[in-house]
Amino acid sequence: MLEISKLHVSVDDKPILRGIDLAIGAGEVHAIMGPNGSGKSTLAHVLAGHDHYTVTSGEVRYRGRDLLALSPEERAREGIFLAFQYPVEIPGVANIYLLKAAVNAQRKHRGEPELDAVDFLALVKDKLQLMGMSQDLLYRSVNEGFSGGEKKRNEILQMVVLEPKLAILDETDSGLDIDALKVVAGGINAMRSPERAILLVTHYQRLLDYVVPDRVHVLAQGRIALSGGRELAQELEMRGYGWVEAEAANRR
Ligand code: ADP
Ligand code: MG
Ligand code: MG
């Protein structure tokens, strides 16, 4: 599904990622963990095609294609979805309007008929329920005045409506209380399928109690310093990130 080789990325001429190698197969859930500032969001944004980040070298292949050659819009159409760490507010644009436009753009691309408002509402209702969201959130401006938890749920709602092939979730768990965390985890788990890959970026292992990853990777010094199974997340929770960073620094 995704194969990242020797990826180097800079922001404003400052090297942030310094040689990332990562392969994620269809059906897998991988977690990227790491201390603040280690480059987790940079990796997530670069995969989605955010233009603030410059790939200085390396390669990313997505379903056999050169991902870096695709525009952000093409990436989205080809099934890549990014849930933001800091979801953007879009005043004046109703949440339902944005969701419907995104779904219809996808359908058009696949040569399927567009959904009208009635059909779309029918489709979205179940997913709202899955996310424990009230219907009035659909008619409010995107994320405007949403609580932190509502914003994160709304990101996951977008994901379950769009059914991406590769979902990248950037700290969707941060700032959630335990009930909201379980709802968000339920949404993510509902998306697990043999045809889909999920990359969970998280600072804490808490989410991984509910969404059990196949692999866990630790970013430090702009590289994947350590990879392991789900038990690695538990070890990090107990020991912190300092030892991984020290080991990564030693190896350089
Ligand atoms: P993480 O998500 O792991 O906390 P980030 O990817 O957000 O880390 O940041 C990694 C480093 O890149 C930090 O030092 C951060 O200051 C820098 N950085 C990220 N985005 C930008 C940006 N848009 N402009 C300048 N520096 C940035
Ligand atoms: Mg951070
Ligand atoms: Mg981040």
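**Sheets, helices and core**

Analyst: Six strands make an open sheet of mixed pairing, in the order 6-9-10-3-11-12. Strands are DSSP runs of E with at least two residues, helices are runs of H or I with at least four, and both are numbered from the N terminus. Two strands pair if DSSP finds at least two bridges between them. This is a predicted model, where local features need pLDDT of at least 70, side-chain atom pairs count only at pLDDT 80 or more, and totals for chains, interfaces and linings use all residues. Residues are numbered from 1 along each chain as its sequence is written, while chains are lettered from A and ligands numbered from 1 in the order in which they are written.

User: In strand 9, what is the bridge partner of I80?

Analyst: Strand 6 and strand 9 (residues 166-170) run parallel, joined by four bridges. The bridge partner of I80 in strand 9 is L166.

User: What angle does helix 1 make with strand 9?

Analyst: Helix 1 packs on the sheet and touches strand 3 (29-33), strand 6, strand 9, strand 10 (197-201) and strand 11 (215-220). A contact is a pair of C-beta atoms, placed from the backbone, within 7 Å. Axes are lines fitted to C-alpha atoms, for helices over the stretch in contact, and angles run from 0 to 180 degrees between N-to-C directions. The angle between helix 1 and strand 9 is about 145°.

User: What is the strand order of the open sheet of four strands?

Analyst: Its pairing is antiparallel. The order is 2-1-4-5.

User: How many residues of helix 1 are buried?

Analyst: A residue is buried if 20 or more other C-beta atoms lie within 10 Å of its own, exposed if 12 or fewer, and partly exposed in between, with C-beta atoms placed from the backbone. The buried residues of helix 1 include K40, H45 and L47. Helix 1 is largely enclosed by the rest of the structure, because the buried count is nine of nine.

User: How many residues has the largest nonpolar core?

Analyst: A nonpolar core is a set of buried Ala, Val, Leu, Ile, Met, Phe, Trp, Tyr and Cys residues joined through C-beta atoms within 7 Å. L47 and L200 are among those with the most contacts inside the largest one. Leaving aside neighbours within four places in sequence, L200 is in contact with residues including V29 and L169. The largest nonpolar core has 68 residues.

User: Where does helix 4 bend?

Analyst: Helix 4 covers residues 117-130. The bend at a residue is the angle between axes fitted to the seven residues ending there and the seven starting there. Helix 4 bends by about 25°, at V124.

User: Is K6 buried or exposed?

Analyst: K6 lies in strand 1. Its phi is positive, about 45°, although K6 is not a glycine. Most residues other than glycine have a negative phi. With 11 other C-beta atoms within 10 Å, K6 is exposed.

Conventions
Two residues are in contact if their C-beta atoms, placed from the backbone, lie within 7 Å. The expected span of a helix is 1.5 Å times one less than its number of residues.
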